[in-house]
Amino acid sequence: MQDAFSLFYRNMSIYALFNLCFGLYSLLLKERLFLTEPLVAMLFGAVCGPFALKLLNFSFSSSSSTFLLLFFHFARFVMAFQTMAAGISLPRQYLRQARKPLLLLLGPVLLGSWLVSAVIVYGVFRCGFLEALVLAACVTPTDPVLASSIVKGRFAEEHVPKRVVDLISAESGINDAAALPLLYLPICILAHDTAGTWLVGVLLYRVLLGLVAGMAVGRLASRLLKYSQAHQLIDKQSTLAYSIVLATLLSTLMTSIGSSDILAIFMAGSVFNWQDFTLEGSRSEE
């Protein structure tokens, strides 16, 4: 266990050093050279990984499973914070106003992308088509971390319309959960499960529960914060940390019960009306 923690912290120190260096030259890389952070991070990992400089250690030793488990959960929290940021960046009532283009993207477009990706995987890897559908469901949805590369920064502010930015942010926050039924459908067929397993276990428990729980928790958190601000019970620092704590709560809660934490976090952020709270908080500080 101690070796796993040492391995985890050693690798995390290298990641932290990368982020510091990237931050120092982020304007040059993103705004002038048009290099996105995920691309630079992938190149950095390839250079520092076990097949080049070997600075990042992913050796499969007795402690590797524990290290990979630690890294997996750390990545989940990073995804949770980015998903919350995508949700609270949307305008008020945006999901209701943009429901038609969102349904188009999350319905026919996502389904078509899934099938096209499955055909490509099937042709490249020569595997079974059901296995190709499983792999295609993993690569079809775009997460908010990757989407942030094209919706944030000076280039996006100058050249990407605001309606496109909001639509991409919303779609990237929901499509992971929308792809869950596509992922589990071929898995259930391969495992010879009944249709009820897919309907109840995936559509209702993972997707619908995450949707409802996220909206309910987000609405409750919004009202509690509004009450605290109205009665001057919360300071500015706690207000700014509120969304991070909310994302952590939903991530741990929904993961512990086996539902979709990403969808719950995004829905909570989308109904939160964060901009109103930050404006009210700044007025109360004055």
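Me: Let's start with the second largest pocket. How much space lies in it?
Reply: About 630 Å³ of space lies in the second largest pocket of this predicted model.

Me: And how many residues line the second largest pocket?
Reply: There are 24 lining residues. Leu95, Ile174, Leu211, Met215 and Met267 lie nearest the centre of the pocket.

Me: Which helices supply at least two residues of that lining?
Reply: Helices H5 (94-97), H6 (99-125), H10 (162-190), H11 (195-230) and H13 (261-270) each do.

Me: Which one gives the largest share?
Reply: That's H6, with five residues of the lining.

Me: How does the lining split by class?
Reply: The second largest pocket is lined by 17 nonpolar residues, along with four polar and three charged ones.

Me: OK, new topic. At what angle do H7 and H10 pack?
Reply: H7, which covers residues 129-139, packs with H10 at an angle of about 160°, and their axes are 8 Å apart.

Me: Is the crossing left-handed or right-handed, and which residues make the contact?
Reply: H7 passes H10 in a left-handed crossing. On the H7 side, the contact is made by Leu130, Glu131, Leu133, Val134, Ala137 and Cys138. H10 brings Ala179, Leu182, Leu183, Pro186, Ile187, Ile189 and Leu190.

Me: What classes do the residues of that contact divide into?
Reply: Between H7 and H10, twelve of the contact residues are nonpolar, one is charged and no polar ones take part.

How values were computed:
Residues numbered from 1 in each chain as written. Predicted model: local features only at pLDDT ≥ 70, side-chain atom pairs only at ≥ 80, totals over all residues. Heavy atoms only, no water. 1 Å grid on protein atoms, 1.4 Å probe; cavity = no way out; pocket = protein on both sides within 12 Å on 5 of 7 lines; lining within 4 Å. Points joined across faces, edges and corners; volume = space filled by probe spheres on them. Helix = DSSP H or I, 4+ residues; strand = E, 2+ residues; numbered from the N terminus. Nonpolar A, V, L, I, M, F, W, Y, C, P; charged D, E, K, R; others polar. Axes fitted to C-alpha atoms, helices over the stretch in contact; angles between N-to-C directions. Left-handed = near helix turned anticlockwise from the far one by under 90°. Contact = heavy atoms within 4.5 Å.
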